[in-house]
Amino acid sequence: MKADFFKTLGHPARIRVLELLSEREHTVAEMLPEVDVEPANLSQQLAILRRTGLVTARREGLSVTYALTSPQVAELLRVAREILTTVVTGQAQLFDEPEAAEK
């Protein structure tokens, strides 16, 4: 189950959708310019996120509003960003060290 969960997070459009929903609820129309994919692709990605239980959908007239099912999803994205920042910083330091050794 954990592998399937992380596989769900393995698409850039789905990550972007989750980041947007971490800020507040969004309609599909609000997300389209932010996610930068075709409407059919966004609908497909939202369906995957709904099936895995990461987002909920609420119909309001002609539009559908999406929200995270748990604030822990936003926390997971925040922690992932911190880990990646640490890793990238560490890699940058490795590249800088040979230059410092030459001086």
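# Hairpin, sheet, pocket and patch

Guide: In this predicted model, Gly-61 takes a positive phi near 65° in the hairpin of S2 and S3, which has two residues between the strands.

Visitor: How many bridges do strands S2 and S3 pair over, and in which sense?

Guide: Strand S2, covering residues 55–60, and strand S3, covering residues 63–68, pair in the antiparallel sense over six bridges.

Visitor: In what order do the three strands of the open sheet come?

Guide: The order is S1-S3-S2, with antiparallel pairing. S1 (26–27) and S2 stand at the edges with a single partner strand each, so one side of each is left without a neighbour in the sheet.

Visitor: Let's switch to pockets: what volume does the largest pocket have?

Guide: The largest pocket has a volume of about 210 Å³, and the residues that line the largest pocket are Phe-6, Leu-9, Ile-15, Glu-19, Leu-76, Leu-77, Val-79, Ala-80, Arg-81, Ile-83 and Leu-84.

Visitor: Which elements give two or more residues to that lining?

Guide: Those elements are helix H2 (12–23) and H5, and of the elements H5 gives the most to the lining of the largest pocket, with seven residues.

Visitor: How does the lining split by class?

Guide: The lining of the largest pocket has nine nonpolar and two charged residues, and no polar ones.

Visitor: Glu-19 and Arg-81 are both in that list, so to speak of charges, how do their side chains meet?

Guide: The side chains of Arg-81 and Glu-19 meet in a salt bridge, at 3.8 Å from N to O. Arg-81 lies in helix H5 and Glu-19 in helix H2, so the pair ties together parts that are 62 residues apart in sequence.

Visitor: How many salt bridges does the count come to?

Guide: The count comes to eight salt bridges, with a side-chain nitrogen of Lys or Arg required within 4 Å of a carboxyl oxygen of Asp or Glu.

Visitor: Last topic, the surface: which residues make the nonpolar patch?

Guide: Val-79, Ile-83 and Val-87 make a nonpolar surface patch of about 220 Å². Of these residues, Ile-83 lies in helix H5, which covers residues 71–102, and both Val-79 and Ile-83 are also among the residues that line the largest pocket.

Definitions and conventions
Residues numbered from 1 in each chain as written. Predicted model: local features only at pLDDT ≥ 70, side-chain atom pairs only at ≥ 80, totals over all residues. Heavy atoms only, no water. Patch = residues over 30% accessible without salt bridge, like charges linked within 9 Å, V, L, I, M, F, W, Y side chains within 5 Å. Areas by Shrake-Rupley, 256 points an atom, 1.4 Å probe, with all protein chains shown as cover. Helix = DSSP H or I, 4+ residues; strand = E, 2+ residues; numbered from the N terminus. 1 Å grid on protein atoms, 1.4 Å probe; cavity = no way out; pocket = protein on both sides within 12 Å on 5 of 7 lines; lining within 4 Å. Points joined across faces, edges and corners; volume = space filled by probe spheres on them. Nonpolar A, V, L, I, M, F, W, Y, C, P; charged D, E, K, R; others polar. Pairing = 2+ DSSP bridges.
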